[in-house]
Amino acid sequence: MNLARLNSARACVAIAGLALSMALPEIDRGWAQAAPPALGVQSPAQQSQPVEVQPQPIELPPAPVERENPGLINEIGKLFEKSKSALPALKSPGETINDLSNIARPSTMVTGRAACVVASNGAPDCKIGADRLCQSKGFKEGKSIDTDASEKCSPLVYLPGHKRGPNDCKTENFVTRAVCQ
């Protein structure tokens, strides 16, 4: 036999074997649904009847359910999705220009000395002091840039032998420099 014919025959046998292996599961399903063969002697009428195998529809496996991949790339993707809601919304160009024009309004820095009022919690509130300093220079309002603090004490503190008490002195705050508009 020729070598080329032998290789061709081997290829045909391999293809036939592959086709058979793919068809066997379907044939096996058909046999399982057919009536089991009776053991023993069968009448000639029973032997001559061909067994009809109904073709069964091929059942496809269910579509794979997309499951979450717990890898690093997936976690980074989740982080980006969450950060969209955490970040502030972008402003329109018009809003940005308005903000810049509010910042760039003409302002002047002034110096002086205006007292800060004491807030209800005891801390100094220097906004009112900055406004007073700017109003004394002819402006409407201001923002404090620099403050100063000094201690104002009762004259008794300076007497020899006097022990200083908690209410003998108090701290006063002043705005010394402010930006006015």
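Here's a walk through this chain, from its overall layout to its strand pairing and salt bridges. Keep in mind that you're looking at a predicted model.

Start with the layout. The chain has five helices and five strands, and going along the sequence they come in the order α-α-α-α-β-β-β-α-β-β. As for contacts between residues at least 6 apart in sequence, 59% join residues at least 24 apart.

Now find strand S5, residues 169-180. It runs antiparallel to S1 (residues 108-115), joined by six bridges, with threonine 108 opposite cysteine 180. S5 also runs antiparallel to S4 (residues 142-153), this time through eleven bridges, and there alanine 149 sits opposite asparagine 173.

On to the charges: the structure holds five salt bridges. In one of them, aspartate 148 meets arginine 113 at 3.2 Å, N to O. Aspartate 148 belongs to S4 and arginine 113 to S1, so this pair ties together parts that are 35 residues apart in sequence. Aspartate 148 is partly exposed at 33% relative accessible area, and arginine 113 is partly exposed at 48%.

Next, look at helix H5, residues 126-136. Lysine 127 and aspartate 131 form a salt bridge there (3.0 Å, N to O); they're four residues apart in the helix, so about one helical turn separates them. Aspartate 131 is buried, at 16% relative accessibility, while lysine 127 is partly exposed at 40%. Lysine 127 also meets glutamate 141 in a salt bridge (4.0 Å, N to O), and glutamate 141 sits in the loop between H5 and S4, 14 residues away from lysine 127. Through these shared partners, Lys127, Asp131 and Glu141 join into one network.

Technical notes. Residues numbered from 1 in each chain as written. Predicted model: local features only at pLDDT ≥ 70, side-chain atom pairs only at ≥ 80, totals over all residues. Heavy atoms only, no water. Helix = DSSP H or I, 4+ residues; strand = E, 2+ residues; numbered from the N terminus. Contact = heavy atoms within 4.5 Å. Pairing = 2+ DSSP bridges. Salt bridge = Lys/Arg side-chain N within 4 Å of Asp/Glu carboxyl O. Buried < 20%, exposed > 50% of the residue type's maximum accessible area, 1.4 Å probe, protein only.
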